[in-house]
Amino acid sequence: MRQRHDLLIVGTHVISMDSAIGDLPSADILIRAGQIIAVGPHDADREAGDVQIIDAVGTVTLPGFVDTHWHLWNSLLRGTVGDRPGTDYFTVKRALAPHFELEDFYWAARLGLAEAISGGITTVHNFDHNVRGPQDADANIQAHLDSGLRGRFSYGPPDSAAPGSTNDLDDLAALRARWPGDRLDGRLDFGVALRGPYRTPPEVYEREWAAARSLGLPITMHCDRCLREEGCRSCGLVRLEELGLLGEDVQIVHAVHAGEQDIQALARTRTRVSLSPITEMRTMGFPLLTELLEAGVQVSLSLDTLAMPTSADILGHLRTIISVEAARTGSGTVTPRRLLQFATIDGAKDLGLQERVGSVTPGKRADLVILRSSDINLVPSGDPVEALVYTGQIDNIDTVIADGRILKRHGRLEQADGAADPVTVSAARRDALLRRAAAAGDWPARATNPPSQTISDPPTTADEGSP
C-alpha cells in the first residue's frame, strides 16, 4: 500500500457537497494524517509546514465517489458475458463460479478495486454472494485493505446455494474476532448479504435476520422479482415490511419494479435503496430514481458488476441517468448537482459513513478526486457541476486520494514498490479459470468462444438472482 503523506492541494475549484462550505472557485485543502484539516480560499502566502504540495490550478476537486453495491468476486468474468446465446450473466456465472480458487477471489477483488481507483471511486461496498468459507471472505477483506480504498464487506452465501441453507452464521459471528479494528485501518466494516423471503423459506430468512441484527450488522438484499415473474409490477416490499424485515439497518438493491405501495413501505421504514442503473437497464428495466427521491427514500449509486460488462466511469453513468430520467419522467427532480450528491454524500449516508466521508469537510477523512477542468471536453464551461455531469469523462481524473493516500496521480495508478500489477495478474488468473472450467467440461476449450449452452432463463430460486 502507498504511504500516507501530509498534503496541501492548492488553487482548485472545490465542489464540497457540504452546504455550509458550498463551492469555492479557488481554494486550498490541507490534509494531515489522512484527515482534512482546512478548506478555504486560496492563499498564496499560506504557511503549511512540511507538506507535499499538489498544484491543482485548473482542476475541480470533489469528494471521492461512493459505490454501494458491487460484486467484486465476478470481476474475472468480464469478457465472458455478452449478448450472444449462452453468454448471459447467469449462465456464465453458474458455469465458472465452481472453478474459482482462493487466489482468484483475491485478484478479482483487486482488479475491481483498481478500476474503482481509476474511476475516482474511493469507497466500495463489496456484496459478496459467493462466500464458500472463511478463507474466501478473508481473501476479499485482505484485497480491500491492500487496495487502499474504504468500504464494507457484506458476507453472503455460496453462489447458487440451496434455498434451505443459511449463510455461514458461525463464521459471520467469528469475523470480527478474526478481523479486529486494528487490522482494518479504520477503512472497512462488515455487513451481511441475505437472499430474503422470495428465495429462502421462513426457517432460513428468520434465522439470518435475527443473527444479523443480534450482531449489529447492516443487511443488504436484492429485490429483483422482475427477473422471475413475467409482468411483475411489485417488489413485494410491503410483505417485507409486515414481516419486520425492513428498517434503517437494511439496504434494498434494484427494486426496479417497485409499485407505489412498495415505495411507501421503504419510506415509512427508512430503508435505503442502492440503484445500479446501467445493469438494471440491460436486464431489468428503468431504475425508479425520481419516484424514490420524491418519496423521500435514501438512494445511492452502484456499478453492480464488471461482468455485464460495465465500467467504473461514474460520470458516464450519471450522464446516462439524467438523460433517461428527463425522457422517462419529465421531472426536474434529477439535476446535475443532485446526481453528484447521489454519487457522493448519499452513498456515504447509505453506508453510515457520512460523518467520515462524502464531502470535502474539515474533520472528515481525505477521500478526494481531482479532475482537470482544462481538458478539451470541459471547456468552455459555465457551471463546473453541469460540465462534469454532462461532458465529464474518466480520462479527466488526474488524482485520486483515499484516506490521505495518493492512489492515482497524473492519470496513472500508483503502485507500492514491488507490488504486483492487479491488471496483469487478474488477466492471467481469468485465463487459468477458463482452462480449468474447460477441462471440467463446463466451458468451451477455446477461451474466446462463448459457452455451448443456450440457457437464457432467469435464475432459479436457488440462485442469487441479481448480478
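Rings of Phe, Tyr and Trp (its six-membered ring) are taken as a pair if their centres lie within 6.5 Å, with planes under 30 degrees apart called stacked, over 60 edge-to-face and the rest tilted. By this rule the count comes to five aromatic pairs. The model is predicted, so local features need pLDDT of at least 70 and side-chain atom pairs count only at pLDDT 80 or more, while totals for chains, interfaces and linings use all residues. Residues are numbered from 1 along each chain as its sequence is written, and side-chain values use heavy atoms, with hydrogens and water left out.

One of the pairs is formed by Trp-73 and Phe-100, which are edge-to-face at 5.2 Å centre to centre with 75° between the planes. Trp-73 lies in the loop between β6 (65-70) and α1, and Phe-100 in the loop between α1 and α2 (102-118), so this pair ties together parts that are 27 residues apart in sequence. Here helices (H or I, at least four residues) and strands (E, at least two) are DSSP runs, numbered from the N terminus. Phe-100 also pairs with Phe-105, in a tilted arrangement at 5.2 Å centre to centre and 40° between the planes.

Buried means under 20% relative accessible area, exposed over 50%, and partly exposed in between (1.4 Å probe, protein chains only). Trp-73 is buried at 0%, Phe-100 is buried at 3%, and Phe-105 is buried at 0%.

Helix α1 (residues 89-96) has seven of its eight residues buried, so it is largely enclosed by the rest of the structure. The buried residues are Tyr-89, Phe-90, Thr-91, Val-92, Lys-93, Ala-95 and Leu-96. They pack against α14 (422-439), where contact means heavy atoms within 4.5 Å.

Another helix packing involves α10 (residues 314-329) and α13 (residues 384-391), whose axes come within 7 Å and cross at roughly 90°. Axes are lines fitted to C-alpha atoms, for helices over the stretch in contact, and angles run from 0 to 180 degrees between N-to-C directions. Angles under 35 degrees count as roughly parallel, over 145 as roughly antiparallel, 65 to 115 as roughly perpendicular and the rest as oblique. The two helices α10 and α13 are therefore roughly perpendicular to each other. On α10 the contact is made by Leu-315, Leu-318, Arg-319 and Ile-322, and on α13 by Leu-388, Val-389, Tyr-390 and Thr-391.
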